[in-house]
Amino acid sequence: MQERPTALVTAAAGAGIGAAIATRLASDGFDVIVTDVHERRCQELAAKLSADFGREFTHHALDVTDEAQVEAVVGEIAATKGRLDVLVNNAGWSKIEPVAEMSSDTWRRCLDVDLNGTFYTMRHALPLMQKNKSGVIVNISSIAAYETSTEHGAAYSAAKAGVLALTRVAAAENGRHGVRVNAITPGLIYNDFLRKIYPDDFFSGYAESRSLVGRVGRPEDVAGLVSFLVGPDSGYVTGEVYGISGGVHPHG
Ligand SMILES: NC(=O)c1ccc[n+]([C@@H]2O[C@H](COP(=O)([O-])OP(=O)(O)OC[C@H]3O[C@@H](n4cnc5c(N)ncnc54)[C@H](O)[C@@H]3O)[C@@H](O)[C@H]2O)c1
């Protein structure tokens with residue numbers, strides 16, 4: 001029997017996009033390695049996928065800001081599977097503070113999770129992908145990378161813009177090694193955590209009324225785009241940035 005392709009997803013055990021991506025890739029037939037800084041939730045998601053899909057899914061507690069942990073997880077994948085077909089960098093962190101009042105800790109933490117973490121996983125995954133002359137990386141950025149509507153989130157915007165630059169250069173360096181690298185910039189994507197932060201009528205009122213399709217984004221919408229970008233129909237797509245915002249934040 002042919003081995004299933006392997007996909008590593010970071011921050012996969014939260015309330016939103018990461019878990020939807022892990023679930024969608026499992027449904028697409030991938031052997032998904034579930035990782036997240038939160039160990040218990042990570043274990044729970046791997047157990048749920050195993051029950052839902054009737055095969056074993058592995059998990060690792062992984063803080064993407066800790067390069068030694070990243071190296072260990074990718075090293076274990078190399079040792080046990082010999083290949084990594086897909087890497088999805090989903091980890092993100094943000095704290096709302098105006099630039100004039102932003103603490104250095106906020107700035108550094110945000111750059112660390114959103115940009116440095118993405119760099120660490122790519123640095124360690126790319127040699128394995130290059131060796132196999134095959135691989136796809138999808139980096140989850142944000143419309144904050146190019147919009148002014150995200151005031152008080154300068155660290156997040158800067159980090160997510162950095163992710164786009166990192167994506168493009170890595171794509172240029174790796175296309176001829178058989179590796180594609182793309183980024184996605186979601187607009188507002190509903191999840192249970194955000195629902196606690198925003199007022200009750202935010203999603204059903206303001207956010208829905210701005211969306212050109214009359215509803216807010218769902219984690220599964222982003223997961224569907226990831227599925228396309230890692231699948232066989234996107235072989236000519238690399239170095240690209242895909243927006244997904246219900247038409248609220250078009251760019252191009
Ligand atoms: N939800 C949105 O509206 C939206 C919009 C644009 C972009 N994004 C981006 O999409 C991604 C997913 O966001 P989401 O809102 O769906 O949340 P999510 O639930 O998918 O992600 C949150 C998860 O990140 C994990 N995490 C935090 N720090 C980590 C670290 N250092 N290492 C590993 N894991 C860590 C948390 O444990 C949590 O499980 C993020 O990169 C975010 O910036 C989200």
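Visitor: Leaving aside its neighbours within four places in sequence, with which residues is Leu-115 in contact?
Guide: This is a predicted model, where local features need pLDDT of at least 70 and side-chain atom pairs count only at pLDDT 80 or more, while totals for chains, interfaces and linings use all residues. Residues are numbered from 1 along each chain as its sequence is written. Contact requires C-beta atoms, placed from the backbone, to lie within 7 Å. With those sequence neighbours left out, Leu-115 is in contact with Ala-159, Gly-162 and Val-163.

Visitor: Is Leu-115 buried or exposed?
Guide: A residue is buried if 20 or more other C-beta atoms, placed from the backbone, lie within 10 Å of its own, exposed if 12 or fewer, and partly exposed in between. Leu-115 has 23 C-beta neighbours inside 10 Å, so it counts as buried.

Visitor: Are H4 and H5 roughly parallel or roughly perpendicular to each other?
Guide: Their axes, lines fitted to C-alpha atoms over the stretch in contact, come within 8 Å and cross at roughly 15°. Angles run from 0 to 180 degrees between N-to-C directions; under 35 counts as roughly parallel, over 145 as roughly antiparallel, 65 to 115 as roughly perpendicular and the rest as oblique. H4 and H5 are therefore roughly parallel.

Visitor: How many residues of the contact of H4 with H5 are nonpolar?
Guide: Among the residues that meet are Leu-111, Leu-115 and Phe-119 in H4, and Ala-159 and Val-163 in H5. Ala, Val, Leu, Ile, Met, Phe, Trp, Tyr, Cys and Pro count as nonpolar. Beside five polar and two charged residues, the nonpolar ones number 13.

Conventions
Two residues are in contact if their C-beta atoms, placed from the backbone, lie within 7 Å. Helices (H or I, at least four residues) and strands (E, at least two) are DSSP runs, numbered from the N terminus.
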